[in-house]
Amino acid sequence: MKYHFNDIEAKWQKFWADNKIFKATNPSSFGGGQEEAKPKYYVLDMFPYPSGAGLHVGHPLGYIASDIYARYKRHKGFNVLHPQGYDSFGLPAEQYAIQTGQHPAITTEENIKTYRRQLDQIGFSFDWSREVRTSDPKYYKWTQWIFIQLYNSWYCKRSQQAFDISELIKVFVEEGNTGVNAYCDKEIEPFTAKEWDVFSNKQQQEILLQYRLTYLAESEVNWCPALGTVLANDEIVNGVSERGGHPVIRKKMTQWSMRISAYAERLLQDLETIDWPESLKETQRNWIGKSVGAQVEFRVQSSEFRVSVFTTRPDTIFGASFMTLSPEHELVQKITTPEQKAEIEAYIEATAKRSERDRMADVKTISGVFTGAYAEHPFTKQPIPIWIGDYVLASYGTGAVMSVPCGDQRDYDFAKHFNIAIPNIFEGVDISQEAFADKDTTIIANSDFINGLNHKDATKKVILALEKLGQGEGKINFRLRDAVFSRQRYWGEPFPVYYVDGMPQMIDVENLPIRLPEVEKYLPTETGEPPLGNATVWAWDVKQCSVVSNQLIDNKTVFPLELNTMPGWAGSSQYFNRYMDPHNSAEIFSKEAIDYWQQVDLYIGGSEHATGHLLYSRFWQKFMFDKGLVPHDEFAKKLINQGMILGMSAFVYRINGGYYKYESGFDEELDVYFDNIFDDHFLYRIVSFDLLDGNLIEEVIAGDKFNLIDIFDKESIKEYFEGTPFDVDKITFTVSKIHVPVDCIDLKNQIIDEKFADWYKDEIYSSELFRTNGVFKVSREVEKMSKSKYNVVSPDAICEQYGADSLRLYEMFLGPLEQAKPWNTAGITGVHSFLKKLWKLYFDDKGLKVTDSESTKDNLKTLHKTIKKVEEDIINFSFNTSVSTFMIAVNELTSQKCTSKEILEPLLIVISPYAPHIAEELWNQLGNTESISTAKFPKFNKKHLIESSKNYPISFNGKMRFTMELPLDMNKEDIEAAVLANDKTKEQLQGRTPKKVIVVLGKIVNIVG
């Protein structure tokens, strides 16, 4: 019987689905079954965005790992929750809708069908009965509900906890706000209870909005004109949008924001309580960015304005020789002198075109403009020039810094560039070449009352002096900014918000969900409103009111609706809890469900979400914990970041512009000359890799001009220039490096095949190829697997040719889970051959060969060392070494000619988490009627690994001639007697009496003479 893997895998995938084998059961106390006696275990993958391209072989890596662990936990007797769903709101579907007019819901549904088919064919043990989709109104009803809870909450600093806004209103009514210690907007005016009582309703709402955990405010945002929306910092890469690579500018807009900054300290401290990768935790620590220092106020000369700065080095205040404001700072326009106005405005406009990340990363460019204004030093009263510079960010601290060039390198470089004074305030330190930033060895000098003090003592003294002057205080600052929560897109969660007299009001919870309306156009309206402004009828029935033309009508009063939608991270910030009770329409989840499942036990996903999804989810979980909705303030006990499977990209090289250098030194472009002179158009040809000088490749593609003979072998191109007026030595070119599809490549010989021509003729490049002897070679490099790099390998083709079990085993075999590793399709043949060999252990040409024969000692040893190693590997997530262990076990059992069911049946259970289809089929062939997934994991018995004998090498005069197996507890005398009595010994000695017999217990026997 042969191993027909395609048939086997289809058979068992259908069986698992039809019989709901992997459906997790909630305890009987709230509508479940008999699982309450089992301990629970919750394994979760970061749910995917269903893109049009479908899965490539890099995507399943984390899913395979989590599936192995989920299957293992089922074997160990756990009630395993292993759900899957889709993060189905997303920009790509909306961009496609803009281009084609097709509704994003249609595109998304088609993509989900592809994803589901691909996920099923790999054999994942997901509980699909709990599937969620963030674009499903039944799901985003609860995203809207959480938004309302955040809106109706405030955060108390004293308790370090969120409370209902009604409690804050009660304090205002009884005491005013002077005793309130809350996270709120800056510069809130104090008021008494009596004043609160006489405020108008609108005034009271405006005040409360300054305290709410989600609020409206005008803020600097990352605006992408091409996408027509605001982007979060983590959606920007190298100064452009992550999606599409479009320019991003800074712009002030009124947006909904989440007051995540209130949770900064808890988000930071609680990293110590979770088992997450240290590198990811460090990324979050840096993003949260806790700093201890002082807030200092500098008076602006000849005005009523003050500049507030936060500094971690108040001990260096006497070294401040200028101040730098961010170009967006609110005081810039107010304090700039008329003479400097034009230059300042031009600089602000230029800075708006750069993202904050771009500005932070650019440490080489030095730019800034003097405002013409001066601040007064708090202690010396000397004037300090006020500049603006793009290295200061409005979103960090106060958006202003006291610039101390002797103690900060960026300030030092700025001062040097603009010829600003650099006073030295450090004792015995030379600052002629660079700033001095080592605070641990700092001794202050030239600083009045803190001379001779170290950093710590000087800091304390300066803060006390500032407090006496009323111009500063000690303060803790965080880099973490409140998260902008509005997007000017269509394909996202609608806000449950309408406006009365310009103030936001929440739609009643009983009217949720507010459904996404249909629109004819997915672009902003002609008047600049977001795409929802194009809606004429909203697709929901609101009790006791109606919605027409983006307005809510209640008792004949018209109220405008919120037209922005929520960001991509909204739907992913609580989905892990919704899986626990996904069909509950009355509440986000029942208390019984959350109390049973508690939190995610194992979460697997990419580290690229460190400062996005993983941070925002922790924030929402902590808020829900404060509200008594969840039992833990961290949603995932353990997190593993899987590495990336890299693609092997293929490249060709294209000759670009050509130049001819004349004696005068003038470089003339040769495009026209080349087109006229060469019939085969040497220019713009695609060049075979073996014609290029490999040592120059990276320099060539960097855009430099190179002599033709430096790039090519002179003999190989000489014929192209014979009879022309050009000297080959004086011709220069630039060369471009171009990706080509890997499926157009003969992988064995690294040359392009016939499929290349079909792809190539559709591209913008010339159809001419510059070959060597009719053969065209490509270069190969390992890169991120991506559709844009043409290096994607589909799991569909792999499953068709080798089977899903081969794919699962190979992805684990590639290397440690957390590390990046290159994909090589040729390598999968090794694990496929192993599966064939495994099959032959159970079947031969006559059929099933497994018997009830007694197992041997060697059989048991192989089985139990395999059980031990594989279980250790699974617990430690070292899945790659398990695959090697399986191969060794099958080789040993094959050599032992093992047919014992006592051995081969438990072996299948051990292999089952990794290769479930073949294990399920062989399990069934052995006569089992229940799925192998319900079988108990075999117990390791160490007695089978304890050696009772030793195979001694028997040597004569140092040369080993044969071996003898002897009991390990045999003494030297008995060993010597047994060896000398052996016929093989007598044959070697041929009647001679040995001079000496050397016995080393447990190692060797050597006969001398």
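**Salt bridges, pair by pair**

D18 counts as partly exposed, at 48% relative accessibility, where buried means under 20% relative accessible area, exposed means over 50%, and partly exposed lies in between, with a 1.4 Å probe and protein chains only. This is a predicted model, in which local features need pLDDT of at least 70 and side-chain atom pairs count only at pLDDT 80 or more, while totals for chains, interfaces and linings use all residues. Residues are numbered from 1 along each chain as its sequence is written, and side-chain values use heavy atoms, with hydrogens and water left out.

The side chain of D18 meets that of K14 in a salt bridge of 2.6 Å, N to O, the term standing for a side-chain nitrogen of Lys or Arg within 4 Å of a carboxyl oxygen of Asp or Glu. K14 counts as exposed, at 52% relative accessibility. Because D18 and K14 are four residues apart in helix α1 (residues 5-18), about one helical turn separates them; helices here are DSSP runs of H or I with at least four residues, strands are runs of E with at least two, and both are numbered from the N terminus.

A second pair joins D185 and R259, whose closest N and O atoms are 3.0 Å apart. This pair links distant parts of the chain, 74 residues apart, with D185 in the loop between α6 (165-175) and α7 (193-198) and R259 in the loop between β9 (249-258) and α9 (264-269). D185 is partly exposed at 23%, whereas R259 is buried at 2%.

D315 and R313 also form a salt bridge, at 2.9 Å from N to O, and both residues are buried.
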